[in-house]
Structures are given as structure tokens and as C-alpha cells.
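Subject: Structure for you to look at

Hello,

Please find the structure below. My notes on what was found in it come after it.

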Amino acid sequence: MTHPGSSPLDERGTPRAELAQATRALQDEVRGTRIDGRRARELAGIVAEVARELRDSGADDEVGRLHMGPGPVNRGQTLSPVYNVDTWDGRRMQGTVTFARFHHGSVGTAHGGAIGLWADDVLGRLSRELSEGRARTACLHVQYRASVPVGAPVWFTAWADDADGRKRELHATLEDDGTALVTVDGLFVEPRIPLNGH
Ligand SMILES: CCCCCCCCCC(=O)SCCNC(=O)CCNC(=O)[C@H](O)C(C)(C)COP(=O)(O)OP(=O)(O)OC[C@H]1O[C@@H](n2cnc3c(N)ncnc32)[C@H](O)[C@@H]1OP(=O)(O)O
């Protein structure tokens with residue numbers, strides 16, 4: 001069984017991963033910078049130039065799907081919180097997720113939507129590890145039980161119930177020192193009519 005962290009498509013350590021990491025750092029620093037307006041405008045021009053070069057270098061397809069890859073960290077997208085899968089026994093995944101400064105919601109804690117984004121991502125990954133069929137999120141129930149810190153790793157566990165035909169119930173928790181911060185219950189369904197290229 002392949003450990004999810006060792007997928008051949010994992011971008012860890014590649015120049016693309018470095019670019020993604022640098023972009024995350026940029027997103028972190030844009031948030032709350034005290035830079036003055038004149039310099040902010042100059043920097044906006046530099047960033048726009050970088051964006052132009054990336055666009056002109058060509059795209060894998062119109063939505064960047066091919067380079068999303070299945071790796072748990074450093075995927076060629078910079079929106080989802082980065083998580084590392086430490087253990088995977090074919091049914092249960094455990095590891096850590098770190099919400100970045102740009103995932104900040106209020107009073108020093110992670111944004112509820114960023115937590116939902118992470119939950120969909122990790123359950124989507126679990127679903128892909130469990131079955132060839134490409135299931136889609138039908139329902140995601142996120143319960144926010146305590147604040148999730150920003151900038152510090154938090155322990156997660158994700159696991160699946162047995163499949164019921166095309167349906168599978170998946171679950172995840174975020175914990176700190178044995179206290180549940182978030183619990184997630186998701187329903188993933190393999191579409192009756194598979195999406196083209198999905
Ligand atoms: C390695 C990289 C990792 C990256 C991971 C990223 C993961 C990201 C995953 C996503 O975000 S997917 C995008 C968000 N989700 C969608 O856009 C899904 C949109 N909805 C659909 O496409 C369809 O509604 C869906 C595929 C979910 C179901 O359509 P079907 O026509 O196949 O379902 P059908 O009506 O035949 O129902 C099948 C069963 O599921 C049940 N069901 C469907 N939708 C449900 C729902 N929303 N709530 C509860 N049950 C639901 C339905 O009752 C039924 O149960 P029974 O078989 O017991 O009768």
C-alpha cells in the first residue's frame with residue numbers, strides 16, 4: 001500500500017513546491033502589512049509582473065487540474081492549509097495541519113471557512129485513497145467546538161466508514177492535547193454520471 005506522503009506526484013522538494021511555498025509566504029505577509037501606500041503600489045507592480053510571467057509560461061489546462069496532484073503538502077496551489085500525513089493504515093489517516101497567517105479568521109484563530117476547506121481536502125484525499133471511483137463531496141458537516149490556532153501544527157485524524165454503494169461517510173477531527181477542536185462528518189458520493197476527465 002502506498003503511503004499518501006510518498007506519492008510519486010507529491011511536489012515536495014520540487015522547484016514548483018518552492019514557488020508555492022514562496023507564494024504562501026507572500027500571502028502571509030500581505031495580511032496585515034504596515035507598508036506605506038507608495039511602496040505597496042510598487043510591489044503590486046512587481047507581483048503583477050510575476051503573475052504575467054507565470055501565465056505566459058503556459059498552463060496545464062484551464063483550471064490547473066493536472067498540477068493539483070495528490071500530494072498532501074506543497075501541491076501546486078496555495079489556498080488550502082498545508083497538512084502532512086504521518087500515518088496511514090488503509091483506513092485511518094493521521095498527521096498534522098498548520099493554518100497559516102492568511103487563514104486567520106478572528107482573535108488569533110483560524111477562519112471557519114479555511115477549516116472547512118481543509119476538511120473537504122483531507123476527506124477528498126482519503127476518499128481517493130480508498131477507491132478508484134472519483135467521489136464528490138455531497139455534504140460536509142463541520143462542528144467548531146473550540147478555537148483552532150494559527151501558525152502551530154494541530155493533530156488530525158481522518159477515517160472512513162464502510163462504503164454503501166456509491167456513498168461513503170467520512171469523518172475527521174482536529175485535536176489539541178486530546179481536546180477535540182473540530183469534528184467533521186462528510187458524505188462523499190460517486191456520481192451516477194461520471195464527470196468528464198474527473
Ligand atoms: C489528492 C488530491 C486531494 C484533493 C481533494 C479535493 C477534494 C475536493 C472534493 C470536492 O470539493 S468535490 C466539489 C464539491 N462537490 C460538488 O460539487 C458535488 C456536486 N453534487 C453532485 O455532483 C451530485 O449531487 C452528487 C455527485 C453528490 C450526487 O449526485 P448523484 O446523481 O450521483 O446522486 P444520486 O441522486 O443518485 O444519489 C445517490 C445517493 O446519495 C445520496 N445523496 C446525494 N446527495 C446527497 C446529499 N447532498 N446529502 C445526503 N445524501 C445525498 C442520495 O440520497 C442517494 O442515496 P441512496 O442511494 O441511499 O438513495
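**Strands, helix and ligand**

Strand β6 is joined to strand β7 (residues 167–176) by six bridges, and the two run antiparallel. Strands here are DSSP runs of E with at least two residues, helices are runs of H or I with at least four, and both are numbered from the N terminus. Two strands count as paired if DSSP finds at least two bridges between them.

Before going on: this is a predicted model, in which local features need pLDDT of at least 70 and side-chain atom pairs count only at pLDDT 80 or more, while totals for chains, interfaces and linings use all residues. Residues are numbered from 1 along each chain as its sequence is written, and side-chain values use heavy atoms, with hydrogens and water left out.

Back to β6 and β7. They form a hairpin with six residues between them, and G165 in the turn has a positive phi of about 65 degrees. Across this pair, A158 stands opposite A172 in β7. Strand β6 also pairs with strand β2 (residues 92–98), again antiparallel and through six bridges. There, V97 stands opposite V154 in β6. Five of the seven residues of β6 (residues 154–160) are buried, where buried means under 20% relative accessible area (1.4 Å probe, protein chains only).

The helix to look at is α3 (residues 112–130). Its 19 residues should span 27 Å at 1.5 Å a residue, and its end C-alpha atoms are 27 Å apart, so the two values agree. The expected span is 1.5 Å times one less than the number of residues. Buried residues of α3 include W118, D121 and L126.

What surrounds the ligand? There are 17 residues around the ligand, and D120, R136, R166, K167 and R192 come nearest; a residue counts if one of its heavy atoms lies within 4 Å. Helix α3 gives the largest share of this shell, five residues.

A polar side-chain atom of D120 lies 2.6 Å from a ligand oxygen atom. For R136, a side-chain N or O atom is 3.0 Å from an oxygen atom of the ligand. At T137, a backbone N or O atom lies 3.0 Å from a ligand nitrogen atom.

Regards

Definitions and conventions
Buried means under 20% relative accessible area, exposed over 50%, partly exposed in between (1.4 Å probe, protein chains only). A polar contact is a pair of N or O atoms within 3.5 Å; within protein, one must be able to donate a hydrogen and the other to accept it, and residues adjacent in sequence count only if both atoms are side-chain atoms.
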